[in-house]
Amino acid sequence: YSLFTDFSTAYGESPYRIFWFSAVYILWFAVMYGFIGIAGAGEDIKAFSVSQSAGENMAVLFHAFYYSMVTFTTVGYGDLTTVGIGKAVAMMEAYSGPFLVSLFVITIYKRYMER
C-alpha cells in the first residue's frame, strides 16, 4: 500500500504526480468502457471490435474517454451511458474521482501556502 501511495500521489506532496496519475486513471477506465461498451440515447452500443476500422475504434475510444472524464469528475451529463458490468465500473470511478480531485487541490494549496 505504501509503495502504491508513494508512486501514485507521492503522499500528497506532488501535484504533478497526482495530475498524471489521474490522467492515466481516466484513460484506463476509458479503455475498459471501450471493451464493455457505451451507448448514447437511442444509439447502438459502441465497443471496440476487430471488424471495425482503426478510425471507428478510435471514435469509440474518444467517446469512452469523454464518458470516463465526465464520470471521474461526477458531472454526469447523461448523454452517454455504459451497459452491464460497466455500471459497476462507472460507480467505482465516480466514487474515487472526487478523492483524487480533492487531493490535487489540497496539494496545490499546500504548495503555494508554504511560500
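Predicted model: local features only at pLDDT ≥ 70, side-chain atom pairs only at ≥ 80, totals over all residues.
Visitor: How do you know that the chain has helices and strands, and in what order do they come?

Guide: A DSSP run counts as a helix from at least four residues and as a strand from at least two. By that rule the chain has four helices and two strands. Along the sequence they follow the pattern α-α-β-α-β-α.

Visitor: What makes a residue count as buried, and what share of the chain does so?

Guide: The cut-off is under 20% relative accessible area. Of the 115 residues, 33% count as buried.

Visitor: Why is a set of residues called a nonpolar core, and which ones have the most contacts inside the largest?

Guide: The name applies because its members are buried residues of nonpolar-core types, Tyr and Ile among them, joined through side-chain atoms within 4.5 Å. The largest such core here has 14 residues, and Tyr25, Tyr33, Ile38 and Tyr67 have the most contacts inside it.

Visitor: Which helices supply this core?

Guide: α2 (15–36), α3 (54–72) and α4 (86–113) each give at least two residues. The largest share, six residues, comes from α2.

Visitor: What does Tyr67 touch, leaving aside residues up to four places away in sequence?

Guide: Touching requires heavy atoms within 4.5 Å. Tyr67 then touches Tyr33, Ile38, Leu80, Thr81, Thr82 and Ala90.

Visitor: How many of the contacts between residues at least 6 apart join residues at least 24 apart?

Guide: That share is 60% in this chain.

Terms used. Residues numbered from 1 in each chain as written. Heavy atoms only, no water. Buried < 20%, exposed > 50% of the residue type's maximum accessible area, 1.4 Å probe, protein only.
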